[in-house]
Amino acid sequence: MKIYDVIVVGGGFAGLTTACELVKSGKEVKLLEARDRVGGRVYTKQLDEKTYVDLGGQWIGPTQDKIYNLAKELQVDTFTSYNKGIHLLNLNNRLRKYQGLIPKIDIASLLNLDFAIKKLNRLSKNISLETPWKSFNAENLDSQTLATFLDRNIFFENARKILEIGLETVFACGLGEVSLLQALFYIKSGVDLEHLFNMEGGAQQDRFVGGAQLVANRLAEKLSDVVQLSCPVVEIDQVNEIVLVKGENFEYKTKRVVVALPPTLAGRIRYKPLMPRDRDHLTQRFPMGFVVKCYCVYEEPFWRKTNLSGLAISDNSYLQATFDTSPVDGKRGILLGFSLANRARSFMRLSSEKRKDSVLKTFCEWFGQKAANPIYYLDHCWADEEWSRGCYAGIMPPGTWTAYGEALSKPVGKIHWAGTETSTVWNGYIEGAIHSGERVAKEILAVL
């Protein structure tokens, strides 16, 4: 049986990047992807010849240099997200209009918001991106949640509601679910909260013409016969100098393995010998975020005619936020609604018909009756995806970083770990996945 230099498990951006880097260095590589497509948590669905929607990751922004360079290399164009005109805020059952980043609310709440955001940014600067568990005051920060921080630093109800909407949209989880240390690490890995929140100048600044998965597809084309789809790996056995990678109808031999999966999914593979206790307990404590993307597709972006940007945030619907995600040519109007964390869990308990009715009702209240009759409606829950079980990324609850953080990217024998969750830069984003792939490729080349 042929012995590969490296087998990569997972065909998202982390796995594809790893494979490309190793192939460029002359290594014999096989990439095994469980799905029938590449891209992982980046997934573009084509609805008709002029309509596509990004069901997964879709935005990029300044300082995410690797994904910009990759798109340019693969001849995938980018364009600026639509953000012109008036935004909407549905707060305390009242619909308000505003422009800029911060909604118009009472001055006390605005000052409190500014204070809390600046404090989170300031605290994040003290976090070590390479070893967060060794950061100043790490044990104390890791014993708290992001909700605890709000309890202690937000004094006005409107400020609390606005910041909760923003932070839930960034983290895709309830603020009581994520460690404060993890939140500060995540903020610093994405520069600061302004970068994470913003469209212009921030993480939501640009999109891909044709959808984000186009980049992954073209990257896979460069790998030709290296990529093997519909091959879920169920077992990895380290036997002396060889590693056996097994699935239902296959078995491969290799010198090294890269598992480029979210930690919780990596933990579902059988390993022989067993994973060290710290690695196994880490994967038990690393749940995925919970997000549903709801799309309504119209003949045109009609809201633009009344100078609405399509951006809206709400404290009391199933949707925390909406965006205009129409194609660059504006030949379709597409509104995207995000339902996250507890709101998403409640939303997904509704029937598909009731979910659609709820979203259309909300869009009509915000953008007018023209929103009632979309050409297409669809929603996508990443927690239902067998090979993701959530999105955007894994979330560390209190105590995880300081107890088990060192096991996150530390190789176990001949098994190495990649994925956006292991990145020190733009953790949770496509950019972070690419960084992790480059890191693990260097790690392997140093030992092979």
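**Helix packing and chain shape**

User: What makes the pair H3 and H6 oblique?

Analyst: Happy to walk through it. In this predicted model, helix H3 (residues 107–124) and helix H6 (residues 157–171) pack at about 45°, their axes being 8 Å apart. Angles under 35 degrees count as roughly parallel, over 145 as roughly antiparallel, 65 to 115 as roughly perpendicular and the rest as oblique, so H3 is oblique to H6. Axes here are lines fitted to C-alpha atoms, for helices over the stretch in contact, with angles from 0 to 180 degrees between N-to-C directions. H3 passes H6 in a right-handed crossing (the near helix is turned clockwise from the far one by less than a right angle).

User: Which residues make that contact, and how do they divide by class?

Analyst: Ser109, Asn112, Leu113, Ala116 and Ile117 of H3 meet Asn158, Ala159, Ile162 and Leu163 of H6, where contact means heavy atoms within 4.5 Å. By class, that contact has six nonpolar, three polar and no charged residues. Ala, Val, Leu, Ile, Met, Phe, Trp, Tyr, Cys and Pro count as nonpolar, Asp, Glu, Lys and Arg as charged, and the others, Gly among them, as polar.

User: Why are H2 and H15 called roughly perpendicular?

Analyst: Helix H2 (residues 65–73) and helix H15 (residues 430–445) pack at about 85°, with axes 8 Å apart. H2 and H15 are therefore roughly perpendicular to each other. Asp65, Lys66, Ile67 and Leu70 of H2 touch Ile430, Glu431, Ile434, His435 and Glu438 of H15. These residues divide into four nonpolar, one polar and four charged.

User: Why does Leu123 count as partly exposed?

Analyst: Leu123 has 25% relative accessibility, so this residue counts as partly exposed (buried means under 20% relative accessible area, exposed over 50%, partly exposed in between, with a 1.4 Å probe and protein chains only). Leu123 is found in helix H3 and touches Phe149 and Leu184, not counting residues up to four places away in sequence.

User: How do you know that the radius of gyration agrees with a compact globule?

Analyst: For 448 residues such a globule would have a radius near 22 Å, and the chain has 22 Å, so the two agree. The radius is taken over C-alpha atoms, and the rule is 2.2 Å times the number of residues to the power 0.38. Buried residues make up 59% of the 448.

User: What should I keep in mind about the numbering and cut-offs?

Analyst: Residues are numbered from 1 along each chain as its sequence is written, and side-chain values use heavy atoms, leaving out hydrogens and water. Local features need pLDDT of at least 70 and side-chain atom pairs count only at pLDDT 80 or more, while totals for chains, interfaces and linings use all residues. Helices (H or I, at least four residues) and strands (E, at least two) are DSSP runs, numbered from the N terminus.
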